[in-house]
Amino acid sequence: MSWSLLFFLLVGAVSLAAALGVVTSRQPVHSALFLLTNFATLAVLYITLDAQFLAAAQVIVYAGGIVILILFVIMLIGGDTNDFSAAQRAWSRTVGMALGIILLLVISYSALSRMMAPSEDTAALLQGGTPEAVGIELFTKYILPFELVALLLLVALIGALVLGRQQEGASEGIPSVKANE
Amino acid sequence: MDWLQLLVFPAIRALILIFVLLTGFAYLTWYERKLLARFQVRYGPNRAGKFGLLQPAADAVKAFFKEEIIPNHVDKPVYLLAPALALVPALIIWAVIPIAKGTPAIADVNIGFLWILAVAGIESYGIILAGWSSNNNYSLLGALRSSAQMVSYELPLGLFLVSILMLAGSFSLVDLVEGSRQWWEWIWLWLAFPFFFICILAETNRSPFDLPETENELVAGFQTEYGGMKFALFFIAEYVNMISTSAIMATLFFGGWKGPFAEQYIWLGPVYLLIKVLILLFLFIWVRASIGRPRYDQLMKFCWQFMLPLGLVYVSISAVLAVFLK
């Protein structure tokens with residue numbers, strides 16, 4: 001067994017354990033921390049695959065942005081909101097399981113089909129992880145999806161703005177209506 | 001010999017780096033107290049050793065002998081993890097900073113800039129988790145403030161970093177320092193320095209932006225429930241962060257290890273870097289001694305309504321410069 005395989009197994013085990021922790025822990029903040037661990041181990045795995053850019057982006061976007069936002073929201077709402085009704089719980093469990101099984105099937109299908117036909121040049125793939133390579137690919141071959149994603153983010157941004165404004169208007173509107181009466 | 005190159009040498013380097021940084025932290029507290037005393041026309045520490053030089057050692061001994069208190073109402077694992085999480089980013093950000101010709105502190109990776117952004121992103125975890133796990137309203141308020149503040153100021157910080165990166169044309173900090181810059185590039189860079197420094201002040205929670213720990217409204221903010229060595233870890237994290245960010249600013253804006261004869265005599269590199277870092281640290285302390293704390297909403301407004309638009313303008317002009325003048 002080579003060192004890299006041993007390393008992969010170790011990091012992978014931590015990653016899986018953290019993923020289990022996300023769904024099993026009762027405390028939302030602990031779940032968020034397990035999620036953070038999972039993202040960090042994934043970044044380590046990306047580095048071992050020579051995908052430095054992806055690893056850095058993983059840490060910047062997920063660890064530096066999303067998990068902090070999750071923590072922020074948990075703290076604002078209060079951590080111990082375990083007050084789902086039993087019916088809601090059962091419903092969410094079925095849907096979650098169904099989605100999980102679909103995801104598992106898709107991933108195993110793509111992994112298996114890749115294994116059956118290893119046509120790609122691995123040397124060329126290993127060059128693909130540097131920021132330069134990713135940038136060139138993004139801005140030539142994948143320019144249309146890239147721009148579409150940018151548009152999607154813009155729509156989300158404007159949507160958030162509109163939602164925020166409506167709430168503000170509503171809270172201002174109620175006293176003014178009362179004043180008219 | 002492969003594992004020697006891959007594991008043992010970096011590990012030795014990392015240990016030396018940690019030792020140097022922690023010693024640096026100890027004497028930074030001395031430097032700050034002496035300077036603040038000068039600004040306020042008093043003496044500062046002058047009892048332990050000559051010029052008070054043994055004061056940091058006395059403080060360390062005091063912190064070690066404090067009783068270890070863990071309040072009953074805290075979330076224990078997170079409460080214990082938070083101080084460590086606060087300190088780690090301040091140390092690991094050094095990995096990519098070049099300290100002499102062709103010599104980064106740990107590794108010359110082609111994602112040096114991204115490494116800085118990534119570490120800046122995870123810096124706030126220690127504070128957020130400390131505030132939450134303490135189970136105390138003051139701590140939680142401090143933590144919420146700090147997370148909002150750090151996430152907000154990360155955006156203009158990132159924009160300035162991207163501009164510098166575009167003009168340098170390389171992700172590696174080693175290349176950035178060694179590559180040559182034209183005179184207009186230096187001027188354009190130095191125009192951004194004051195704003196970058198403001199972002200750094202907010203990111204490191206230093207005065208005047210130390211709103212997460214404002215003693216007159218939040219007791220001690222996120223660190224209210226911490227004592228002894230665990231409090232000392234937060235303290236160390238703040239000061240090591242000051243050293244690390246000063247080194248980054250020296251590298252990005254003032255040529256890092258460069259100076260007269262630094263190319264011929266390698267050992268001069270760290271000396272020049274140290275001098276630049278000391279000057280920048282002086283700036284931190286100078287600001288602390290002279291400027292009062294703004295209100296929290298003023299701080300956020302300043303970020304979103306001034307710094308962020310300014311950063312966007314700076315990025316666009318830098319892009320134009322990078323395309324047409326380089």
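Q: Is B:T204 buried or exposed?
A: The relative accessible area of B:T204 is 5%, and the cut-offs are under 20% for buried, over 50% for exposed and partly exposed in between (1.4 Å probe, protein chains only). This is a predicted model, so local features need pLDDT of at least 70 and side-chain atom pairs pLDDT 80 or more, while totals for chains, interfaces and linings use all residues. Residues are numbered from 1 along each chain as written, chains are lettered from A and ligands numbered from 1 in written order, and side-chain values use heavy atoms, without hydrogens and water. So B:T204 is buried.

Q: Which residues does B:T204 touch?
A: B:T204 sits in the loop between α8 (183-203) and α9 (215-218) of chain B; helices here are DSSP runs of H or I, at least four residues, numbered from the N terminus. Contact means heavy atoms within 4.5 Å. Leaving aside residues up to four places away in sequence, B:T204 touches B:E238, B:N241, B:T245 and B:F284.

Q: How many residues apart in sequence are the parts that B:W188 and B:Y314 tie together?
A: Rings of Phe, Tyr and Trp (its six-membered ring) pair with centres within 6.5 Å, and planes under 30 degrees apart count as stacked, over 60 as edge-to-face, the rest as tilted. B:W188 and B:Y314 are stacked, at 4.4 Å centre to centre and 5° between planes. B:W188 is in α8 and B:Y314 in α12 (residues 296-324) of chain B, so the separation is 126 residues.

Q: What is the relative accessible area of B:Y314?
A: B:W188 counts as buried at 15%. B:Y314 is buried too, at 7%.

Definitions and conventions: Helices (H or I, at least four residues) and strands (E, at least two) are DSSP runs, numbered from the N terminus.
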